[in-house]
Amino acid sequence: MYGFLHSALVAWVRQRSDAEALMAKLLEALEDHSEGRIDDFFAYYPDTMTFLFLGTLSKLTGVKPDDLKFEAGVLSVNTFVETGYLPMLKALGPDLFTVIDNLDSMHDNFLAAFPKMRTPSVRPERESEDSFLVHYFSQREGLAPFMMGALKGLAALLFDLDVDITHRSKKGMKGATHDVFRVFLDDVYVSIPPPSHQSRDHSDQSPIVNMMPALPPWLTFACFLLNDICMCFILTSSTGNACTRKKISPLTTCRHPCQRT
């Protein structure tokens with residue numbers, strides 16, 4: 001995998017009081033297994049190297065690997081900011097639910113810079129006014145704690161929120177893992193915006209859909225009216241008959257920014 005986890009783990013080491021001594025021990029232990037830096041954000045590391053890094057750091061510190069992954073996830077948000085991705089993160093949405101809803105689109109955009117990346121899928125699901133579920137699908141086993149930490153870090157960075165995230169369940173899938181998290185919002189957070197639909201297909205979603213301002217009612221009505229006229233005209237032209245007002249698939253769609261399709 002790319003060096004997202006590596007760079008975050010080194011950031012975690014450097015914030016400790018024994019950072020210098022611990023870093024020296026870590027580099028010595030990994031010397032025969034690595035070429036160059038062990039925390040290059042843009043470098044691609046074999047999974048064996050990543051989990052060796054985790055295991056070695058766990059032995060040196062006594063911190064469990066899953067706890068290290070979680071802490072690295074929280075700090076990984078800062079490494080993305082340091083490498084210039086803050087504008088992209090801020091553009092994902094005006095609230096935490098929408099940001100998480102658009103993470104798949106951000107991951108897809110990463111493929112140009114990280115072509116070997118096996119992108120995960122993250123799908124939020126509304127549960128109540130102060131909590132929601134997050135479905136996390138990954139082709140890599142064992143990275144759920146890292147994603148949980150990253151979501152906590154995102155909430156703090158973008159909305160100054162201290163959210164609680166718990167692991168609810170884990171399901172096996174062919175070629176992937178499916179973990180479900182529950183996110184609890186703090187008391188000062190505004191209620192989750194109501195959905196147009198409860199669920200959707202994330203395969204063609206773009207963050208642009210949710211970032212557009214809501215259309216005023218008169219313009220929304222005009223768009224739907226124009227759409228109806230266009231369908232009627234095309235149907236009449238193609239058949240030679242008067243428009244029969246049959247239900248057909250629209251050729252143009254005026255969609256409210258929050259509508260799920």
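Visitor: Hi! What does contact mean here?
Guide: Contact means heavy atoms within 4.5 Å. This is a predicted model, where local features need pLDDT of at least 70, side-chain atom pairs count only at pLDDT 80 or more, and totals for chains, interfaces and linings use all residues. Residues are numbered from 1 along each chain as its sequence is written, and side-chain values use heavy atoms, leaving out hydrogens and water.

Visitor: Great. What covers the buried residues of α3?
Guide: The cover includes α1 (4–14), α2 (19–30) and α4 (65–82). Helices are DSSP runs of H or I with at least four residues, strands are runs of E with at least two, and both are numbered from the N terminus.

Visitor: And which residues of α3 are buried?
Guide: They are Met49, Thr50, Phe53, Leu54, Thr56, Leu57, Ser58 and Thr61. Buried means under 20% relative accessible area, exposed over 50% and partly exposed in between, with a 1.4 Å probe and protein chains only.

Visitor: What follows α3?
Guide: Gly62, whose phi is positive, near 80°.

Visitor: New topic: how many residues of strand β4 are buried?
Guide: Eight of the nine residues in β4 (residues 176–184) are buried.

Visitor: How does β2 pair with β4, parallel or antiparallel?
Guide: Strand β2 (residues 131–138) pairs with β4 in the antiparallel sense, over eight bridges. Pairing requires at least two bridges found by DSSP between the strands.

Visitor: What stands opposite Phe137?
Guide: That is His178 in β4.

Visitor: Last one: what is Phe181 in contact with?
Guide: Leaving aside neighbours within four places in sequence, the partners of Phe181 include Phe132, Tyr136, Met147, Leu151 and Arg168.
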